[in-house]
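Here are some notes on the structure shown next. Please read them with the model open.

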Amino acid sequence: MERAGKIPFYDILKQNTTSSFMKTDITAIMITALILALSACGNNPSAKDKSAENNRPATNGIVRVGYKHYGGMGGLSVTLSITQSSTLYSYSLFIDSSNNRRYDEPTEEQTWAKLMDELDVEAFKKIENGPSYLPVDGTDREFFIATESGQEFMFINGEEDEHFKKLQPFFNHLLAIHNACSEQPS
């Protein structure tokens with residue numbers, strides 16, 4: 001039964017007289033669905049992306065390693081920070097800034113790979129701090145690592161710790177990079 005003044009919904013469909021508002025809604029829904037489908041496809045790495053990812057050196061969950069050397073009567077500050085993509089070195093001396101320098105270059109893939117091969121994260125975490133030499137105008141040496149999850153681990157003057165000695169190749173390599181950076185022109 002039909003009520004006076006009202007047209008049943010199926011009659012509207014039969015007449016194919018869909019309102020422009022309804023056409024706009026359907027078009028908008030279809031475009032939105034298409035955009036969502038395409039963007040979902042973009043979030044899945046292709047096989048090519050996965051194979052390139054597998055060819056990168058393992059990072060052990062590490063995103064940054066580094067070394068700092070600071071203190072002394074002259075106000076020494078040396079920082080070496082290495083990520084898979086960049087190596088940053090800075091040197092400054094408070095009492096004589098004429099030799100201050102900064103080095104910022106891409107990290108070579110084999111350098112990062114070797115550092116990651118030499119680094120045992122669990123052993124690094126166990127290294128205990130040694131005494132600070134700052135109170136007697138000495139300098140302290142700090143080694144640090146940072147993980148993908150945002151955790152940072154560091155120690156100061158831990159060279160006498162047994163775990164430091166187990167990681168000696170890693171620390172020697174880090175100091176060799178430091179020495180090479182320090183010889184670069186400013």
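1. A term first: on a 1 Å grid over the protein atoms alone, a pocket is an open set of points where a 1.4 Å probe fits, with protein on both sides within 12 Å along at least five of seven lines; its lining residues have an atom within 4 Å of a point. The model is predicted, so local features need pLDDT of at least 70 and side-chain atom pairs pLDDT 80 or more, while totals for chains, interfaces and linings use all residues. Residues are numbered from 1 along each chain as its sequence is written, and side-chain values use heavy atoms, without hydrogens and water.

2. The largest pocket is lined by Thr 87, Tyr 103, Pro 106, Thr 107, Glu 108, Thr 111, Ile 177, Ala 180, Cys 181 and Gln 184. Helix α7 gives the largest share of this lining, three residues.

3. Helix α7 covers residues 168–182. Helices here are DSSP runs of H or I, at least four residues long, numbered from the N terminus.

4. The largest nonpolar core has 29 residues. Such a core is a set of buried Ala, Val, Leu, Ile, Met, Phe, Trp, Tyr and Cys residues joined through side-chain atoms within 4.5 Å. Six of its residues come from α7, the largest share. Val 65, Phe 171 and Leu 174 are among the members that touch the most others.

5. Beyond four places in sequence, Val 65 is in contact (heavy atoms within 4.5 Å) with residues including Leu 119, Phe 170 and Leu 174.

Key
Helices (H or I, at least four residues) and strands (E, at least two) are DSSP runs, numbered from the N terminus. The expected span of a helix is 1.5 Å times one less than its number of residues. Buried means under 20% relative accessible area, exposed over 50%, partly exposed in between (1.4 Å probe, protein chains only).
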